Amino acid sequence: FADYVKMDEVLFYMGFNYKEIGEAEKAQSAFTELIKKFPQSRFLADAWLAFGEFFFDIDEMDRARKAYDKASKFKDPKTYGFAVYKRAWCNFNLGKHRDALGDFLEVIKFADSTEGKEKSRISLRNEAIKDVVTVYAQIGTGAKAIPFFKKVAPERWAEMAFKLAKLYSNTGKVKDANDLYRRLIRLNKDK
C-alpha cells in the first residue's frame, strides 16, 4: 500500500476527515506526513491551509500566519486568496496592521485578476473590502480615507467611508467621524 500512486491524496483526505471529526492530532500527523513525503504534491497548499486553520482556531496566530504564508507560496488559484486573507487576520490579531492591510489589498487584487474571477473569489473580495476598513481605522486618517477607498474599490468607496465613520463613532473618535460624515455629505451634494 505504501507504493500506491495516490498516497498523497490518501493522506490529505485522511487528514481532512480527522479534522472534520475533531481529531486534530491525527489530522496533523497525516498532513505532516504528506508534507514530508510528498513535497511535489498538489495537496501541499491545502495541507498548509489546514495547519493554518488549526493554529488560528487555538489562537496561535504566529504559527497560523506562518502556515498560511506557506500555503500562499504555491499561488494555487484555489487556495491563494483564502491563505492570504487568513494571513491578514493573523497579522491584524498580532498588531501588524500595515501587513494586514497589505494582505487584504492583495486579496482584492487577486480577486480582480483573471484567475480570481470565480464566485468564491468575488465573495472573498467583498469580505476583504469590508476588512480593509477595519484595519484602516487602526492606521489611517479620516482625511485620506476617501481617496484611498476610491483606489481600493471605486464602486464601494462611499460605503467604506460610511463604515469607517461608524467605526470612529463606536471607538470614541467622534470628531473624526463627524469630519468624515461632512465629507460624504459634501461629495454627495457635488453630484
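I looked up the buried residues of helix 2 in this predicted model and found Ala27, Ala30, Phe31, Leu34 and Ile35, where buried means under 20% relative accessible area, exposed over 50% and partly exposed in between, with a 1.4 Å probe and protein chains only. They cover an arc of only 135 degrees around the axis (taken from the directions from the helix axis to the C-beta atoms), which puts them on the same side of helix 2. On the other side of helix 2 I noted Glu25, Lys36 and Lys37 as exposed. Helices here are DSSP runs of H or I with at least four residues, numbered from the N terminus.

I next turned to the aromatic pairs, of which the structure holds 17; rings of Phe, Tyr and Trp (its six-membered ring) pair if their centres lie within 6.5 Å, with planes under 30 degrees apart counted as stacked, over 60 as edge-to-face and the rest as tilted. The ring centres of Phe12 and Phe43 are 5.0 Å apart and their planes stand at 20 degrees, so I logged this pair as stacked. Because Phe12 lies in helix 1 and Phe43 in the loop between helix 2 and helix 3, the pair ties together parts that are 31 residues apart in sequence. Both Phe12 and Phe43 are buried.

I also checked Phe54 and Phe55, which form an edge-to-face pair, 5.3 Å centre to centre with 65 degrees between the planes. Phe54 is partly exposed at 23% relative accessible area, whereas Phe55, at 9%, counts as buried.

For my records, local features need pLDDT of at least 70, side-chain atom pairs count only at pLDDT 80 or more, and totals for chains, interfaces and linings use all residues. Residues are numbered from 1 along each chain as its sequence is written, and side-chain values use heavy atoms, with hydrogens and water left out.

Note on methods. Helices (H or I, at least four residues) and strands (E, at least two) are DSSP runs, numbered from the N terminus.
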